Amino acid sequence: MSFAPPPRLLLGSGPSPVPQRVLDALAQPTVGHLDPVFGELMEETAELLRAAFRTDNRATLPLSATGSGGMDALVANFVEPGDRVVVGVNGLFGERLADALRRAGAEVVRVEADWGRALDLADLAAAAEAGADAVCVVHGETSTGVCQPLDGLAERCRAAGALLLVDCVTSLTGQPVLLDEWGVDAAFSGSQKCLNAPPGLAPFTAGERALAKLRGRHTPPRSWFFDLSLVLGYWDGEGGRAYHHTAPVNMIYALAEALRLVAEEGLEARWERHRRAHEALRGALAQLGLERLACDGEELWPLLAVALPDGVDDSGVRAALLSEHGIEISGGLGPLAGRAWRVGVMGEGARPEPQERLVTALAALLRRDPAPALEALEAGWATAPAGASIMR
Ligand SMILES: Cc1ncc(COP(=O)(O)O)c(C=O)c1O
C-alpha cells in the first residue's frame, strides 16, 4: 500500500481510536447502494442509531457528511429565511451554528456565556418566549469541554412555539443524550467522536414537530443534497428505496459495526465508563499541574479541556507528544488558543491503558514525576461509581 500511516493514539478532539472490528467492517467488499442486502443493513443501522439517540423518531439516519454537514442539514431543513432563531453561543461550535443560521437568512438572536461556562437555561427560555421559531444549542461544546444541561428547555420552547435543535456531535454515546425524554425536535452528531468510527457520517434524527415544519415550508430547503424529504426517500424503506445519491456504502458498514459495539456494551454502561474515565484523567492531569477548565457539573465527559500553566510550550509539547510518543491531543481554539489543551475521552480512548500512556508521556515532556499522576489515574478508575444519577 502506498500510504502506511504510523501508529497513532488519538486522544484529541476527534477522530478517536477506531477499533479493529470497525476497520475490518470498512474493508468488506462494496455492494450496491440499492442492493436489498444493503437495505437490510440500513434498517439495522437506523435502529441502532435510534437506540443511541434514545429516540423513536422514524426519521433517523446517518447523513453522508461530517458533523458540519449535519449542522447544515439541520439549518437547511428546519429554518426558513426570516425565521427568528435563538442560538446559544459559548464556544466555537455555537459560533458556527450562528454563522450557518445567518447564512440561511434567519434573524439570529444570540444568547451568550463565557467560553468555558454553560449557558443559562433561563436566558435561552426567555429568548424563546420573546418570540422564536427555533432554539439551537450545542450539547457538547468541544472547544471548551462544557456540556450544556437541557432540562426543561424543550417544554418552554414548545410552549413558545419554537423547535429545539441540538448539536450532539461530541456527546452522543459518551454522555446521556435523551432525545425523546428531553423533547428535542431534531439533532445531529458525527461518526468520529464517541462512536469510534472514521469521520465521514453525520447521524441525524428529526421528530414529528420538526418534520411538520419541513412540510409546511414556504420555500423548499436551499440545499438539494441535504433536503431531508429527498434523503428520506432513500433511507425510509417503506415505499422502496429511491436513488438520491450514492451512499458511502463502506462507511455505513463501519458505522453499523461501531453501533453494534455500543449496543453490546450497553448505553448506560458506556456513559458511566466515560464519566469514570473523565474523572480519572482529570485527577491525573491535575497532578501534572493541568487543571480542568469546566466547572463541576458542567463538564463534558468525552472532552477534558485543561488550562496550561504559564511557561508550558503548547505547540512544542504537543508536537513532541505526536512525534516521540505517537499520541495526539488538541490545542485550544479561539480565545483559548495557546492557553488550553483538549484531551479526548471518547469510546476506546476512555480506557485506563491509553490514559496511562498519555499521562506517562506528558509527565516526561513536562519533566514531572509521573508517579503521583499515575496513582491518581489508578485511584480514579478504582473508585466505585458514585451512585449519583448520571442522567442529565
Ligand atoms: C460540537 C461539534 N459540532 C460540530 C462539529 C463539526 O464536525 P465535523 O468536524 O465532523 O464536520 C464538531 C467537530 O469537532 C464538534 O465538536
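Around the ligand sit T66, G67, S68, F93, V138, G140, T142, D167, V169, T170, Q192 and K193, each with a heavy atom within 4 Å of it. By class, that shell has three nonpolar, seven polar and two charged residues; here Asp, Glu, Lys and Arg count as charged, Ala, Val, Leu, Ile, Met, Phe, Trp, Tyr, Cys and Pro as nonpolar, and the others, Gly among them, as polar.

Keep in mind that this is a predicted model, where local features need pLDDT of at least 70, side-chain atom pairs count only at pLDDT 80 or more, and totals for chains, interfaces and linings use all residues. Numbering runs from 1 along each chain as its sequence is written, and side-chain values use heavy atoms, with hydrogens and water left out.

| Protein atom | Ligand atom and distance |
|---|---|
| G67, backbone N or O | oxygen, 2.9 Å |
| D167, polar side-chain atom | nitrogen, 2.6 Å |
| T170, polar side-chain atom | oxygen, 3.4 Å |

The protein covers 86% of the 390 Å² of accessible area that the ligand has on its own (Shrake-Rupley method, 1.4 Å probe).

P354, Q355, L358, V359, A361, L362, A363 and L365 are the buried residues of α13, meaning under 20% relative accessible area with a 1.4 Å probe and protein chains only. Among the elements they pack against are α11 (267-287), α12 (314-325) and α14 (370-382), with heavy atoms within 4.5 Å. Just past α13, R367 takes a positive phi of about 55°.

Note on methods
Polar contact = N/O pair within 3.5 Å; in protein donor to acceptor, adjacent residues only side chain to side chain. Buried < 20%, exposed > 50% of the residue type's maximum accessible area, 1.4 Å probe, protein only. Helix = DSSP H or I, 4+ residues; strand = E, 2+ residues; numbered from the N terminus.
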